[in-house]
Amino acid sequence: MKLWKTILAAAVLALAGSQAFAARTDLVIGITLEPPHLDPTAGAAAAIDEVLYANVFEGLTRIGPNGEVLPDLAESWAISDDGKVYTFKLRTGVKFHDGSDFDAGDVKFSLDRARADNSVNAQKALFAAIDTVEVVDPTTVKVTLKNPQGSFLYNLGWGDAVIVAPESADTNKEKPIGTGPFKFQSWAKGSSITLVKSDNYWGAPVFLDKAEFRIVPDAAAAVPALLSGDIQAFPFFDPDSVAQVKDDPRFKVVIGSTEGETILAINNKKPPFDKLEVRQAIAFALDRKAIIDGASAGLGVPIGSHMSPASKAYVDLTGLYPHNVDKAKELLKQAGFENGIKATLKLPPPSYARLGGEIIASQLRDVGIDLEIIPVEWAQWLDQVFTKKDYDLTIVSHTEPNDIDIYSRKDYYFNYDNPAFDKIIAELNLTSDDAKRNTLLGEAQKILADDAVVGFLYELPKVGVWDAKLQGLWENAPIQANDLTKVKWAD
């Protein structure tokens with residue numbers, strides 16, 4: 001009997017030990033901004049994709065951690081010799097989280113919906129080249145373009161191009177239903193969004209059973225949340241707070257790159273900013289180094305046009321407008337504003353905007369441009385600035401990848417119009433040769449810089465801080481996402 005009790009006790013201890021050392025399967029991630037809703041196909045806010053991209057929703061293709069195009073719901077594709085017809089072979093056995101089957105009809109619905117006249121897709125231009133979408137059979141879709149488009153497969157990897165089902169499309173804003181490895185569980189408004197592992201996922205199962213995205217708008221609250229273990233990861237951490245955790249062995253600090261062109265956006269059709277000399281005066285008034293030091297802890301990379309320095313097509317135009325107060329004053333005088341200008345600067349919540357706004361207001365004040373700073377919440381910014389174009393100046397990071405074409409959009413909030421730029425973008429859309437595309441992108445960058453369309457500041461750094469035992473989080477951000485498909489705790 002004593003021997004049996006000894007064996008039983010040893011077994012209990014062994015089980016307890018294995019449970020104690022088993023890897024965790026839950027994760028709490030801190031995010032700064034709360035999404036306005038949860039439908040990536042119906043909103044411009046990066047926060048939507050930061051929660052849902054690759055986790056809940058999937059597209060025909062997807063963007064990988066190094067910016068590469070990978071197969072997703074399309075396992076393969078064939079392209080016609082003229083570059084206009086794409087035939088996608090879809091994966092089989094894929095189900096939406098409500099149990100319904102995914103097939104070619106869902107792809108046709110999603111692409112037709114995104115490009116429709118009444119589409120509310122924030123990146124409708126991504127689909128402008130599509131002429132027809134045909135269902136060949138349940139696992140085959142043929143997409144015919146009006147003209148060849150070198151970026152088409154990349155465009156299909158954006159969050160705005162994820163595939164949704166007609167049965168749930170209208171309710172995805174509050175209850176998102178996708179095909180991804182995680183499914184939506186709950187949304188406590190103002191607090192957190194929780195995802196749980198999907199048991200019927202078509203691909204490799206994820207390691208996490210549960211992921212909670214905790215909303216922490218106050219940068220000062222992030223450090224205590226990390227130190228207490230309440231939150232285990234901030235993939236996009238406030239650069240000014242890094243010093244408080246960088247020497248703590250419990251955490252990993254990772255400095256990566258993004259596609260976030262941080263700009264002082266200018267309403268180009270609103271006087272006096274419709275005058276080139278005024279916009280150029282602003283460009284000369286900006287001291288990028290001071291802005292980078294003050295708003296991104298010195299980690300941002302200066303830019304002179306709308307392109308990431310990590311891109312092969314990048315042209316360094318930062319020397320076009322060196323910081324020159326006298327030159328800025330001279331240009332304002334030439335434009336007829338020797339007595340100065342009064343304007344407003346609307347600032348959304350991120351610290352890069354609020355901190356950068358104070359610095360920029362001071363710099364512009366030195367040349368005679370007096371700014372009234374107006375802090376706005378993210379929803380207000382989307383409504384007033386992005387949608388209604390009710391603003392003079394604002395600061396924002398454009399985190400969408402390879403999005404220089406936004407300056408050719410006639411209804412875009414910059415209110416910029418230059419036929420020469422539009423012609424280059426039109427030619428770019430017809431070009432698939434990489435060398436030719438890079439040449440055209442260089443020409444486009446030069447036009448934007450010459451026109452001082454906006455104040456080009458810096459490329460937003462991706463500062464990630466997370467528990468040292470976490471593996472699989474992205475170092476860089478080639479697309480606005482917190483992809484959890486490979487994330488796990490070390491054993």
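Of the contacts in the protein chain with a separation of 6 or more, 68% are between residues 24 or more positions apart, a contact being heavy atoms within 4.5 Å. The model is a predicted one, in which local features need pLDDT of at least 70 and side-chain atom pairs count only at pLDDT 80 or more, while totals for chains, interfaces and linings use all residues. Residues are numbered from 1 along each chain as its sequence is written, and side-chain values use heavy atoms, with hydrogens and water left out.

The overall form comes next. The secondary structure of the protein chain comprises twelve helices and 21 strands; these are DSSP runs numbered from the N terminus, helices being H or I with at least four residues and strands E with at least two. A compact globule of 491 residues would have a radius of gyration near 23 Å, and the 24 Å of the protein chain agrees with this. That radius is taken over C-alpha atoms, and the globule rule is 2.2 Å times the number of residues to the power 0.38. Along its principal axes, the C-alpha trace spans about 100 × 55 × 40 Å. Buried residues account for 53% of the 491, where buried means under 20% relative accessible area, exposed over 50%, and partly exposed in between (1.4 Å probe, protein chains only).

A few individual residues deserve a visit. Arg-91 sits in the loop between strand S5 (85–90) and helix H3 (104–115). Setting aside neighbours within four places in sequence, the contacts of Arg-91 include Pro-71, Asp-72, Phe-102 and Trp-202. With its side chain, Arg-91 reaches the backbone oxygen of Asp-72 at 2.3 Å. Arg-91 and Leu-60 are 31 residues apart in sequence, and their C-alpha atoms are 9.6 Å apart in space.

Pro-271 and Pro-272 are joined by a cis peptide bond, with omega about 0°. Pro-272 belongs to the loop between strand S13 (261–266) and helix H6 (276–285).

Two alanines have a positive phi, and each can be found in a loop. For Ala-54, phi is near 70°, and the loop runs between helix H2 (46–52) and strand S2 (61–63). Ala-54 counts as buried because its relative accessibility is 7%. For Ala-297, phi is near 50°, and the loop lies between helix H7 (288–295) and strand S14 (301–302). Ala-297 has 34% relative accessibility, so it counts as partly exposed.

Technical notes: Polar contact = N/O pair within 3.5 Å; in protein donor to acceptor, adjacent residues only side chain to side chain.
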